[in-house]
Amino acid sequence: MPDALSFQDIAETFDERVRRIVWCTVSTVDTKGRPFSRILHPIWEGPTGWIATGRRTLKAKHLERNPVVALSYWDPSQDTVIAQCRAEWCDDAATKRRIWSLLTDTPPPFGYDVGQFFQGGPDGPGYGVLKLTPTRVELWAGQDMLQGRPPTVWRAGA
């Protein structure tokens, strides 16, 4: 399995895929230790991901107990990005406003109108910002799979 030494080694491929695929499956661990998945729309700034999401959700309960998520991006050509991440809520007003602007000012489909989901704006009570810090990223291209080549893997601190 080829390993990437730094995030920069995978940055171009990672960025191209997450911008092209956009939506991903995000899994948490529920309060009984079972996996729980949903579809979300992270936006990435290099190796840091951001998700605008409800602050009072089942996801929040899961993360309170176990602050890790697994993300899976897939497209019909079998190109994938799999990421394991630490997740943390960023409740400070400055970060919430910055991520609101990042999502709103970035052209679709990578960016979107956050106000469609959170009518109270960046200071509204339901709007939350989840920061993702990857600990492991796996990139696998459909062509590589078909030819028996292993994925490229990056690990934090490796």
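How many disulfides does a search of the whole structure find? I looked, taking a disulfide as a pair of cysteine sulfur atoms within 2.5 Å, and the search returned zero.

Before going on I noted that this is a predicted model, in which local features need pLDDT of at least 70 and side-chain atom pairs count only at pLDDT 80 or more, while totals for chains, interfaces and linings use all residues. Residues are numbered from 1 along each chain as its sequence is written, and side-chain values use heavy atoms, with hydrogens and water left out.

**Cysteines.** I checked C24, which is in no disulfide, the nearest cysteine sulfur being that of C85 at 8.9 Å. C24 has a relative accessible area of 2% and is buried (under 20% relative accessible area, with exposed over 50% and partly exposed in between, using a 1.4 Å probe and protein chains only). For C90, also in no disulfide, the nearest cysteine sulfur is again that of C85, 13 Å away, and C90 counts as buried at 11% relative accessibility.

**Helix α3.** I then turned to α3, residues 93-105, whose 13 residues reach 18 Å from first C-alpha to last, close to the 18 Å expected at 1.5 Å a residue (1.5 Å times one less than the number of residues). Helices are DSSP runs of H or I with at least four residues, strands are runs of E with at least two, and both are numbered from the N terminus. I listed T95, K96, I99, W100, L102 and L103 as the buried residues of α3. They lie on the same side of α3 because they cover an arc of only 160° around the axis, the arc being that of the directions from the helix axis to the C-beta atoms. The face turned away from this buried side carries the exposed residues A94 and D105. The buried residues pack against β4 (43-45), β5 (48-54) and β8 (127-140), where contact means heavy atoms within 4.5 Å.
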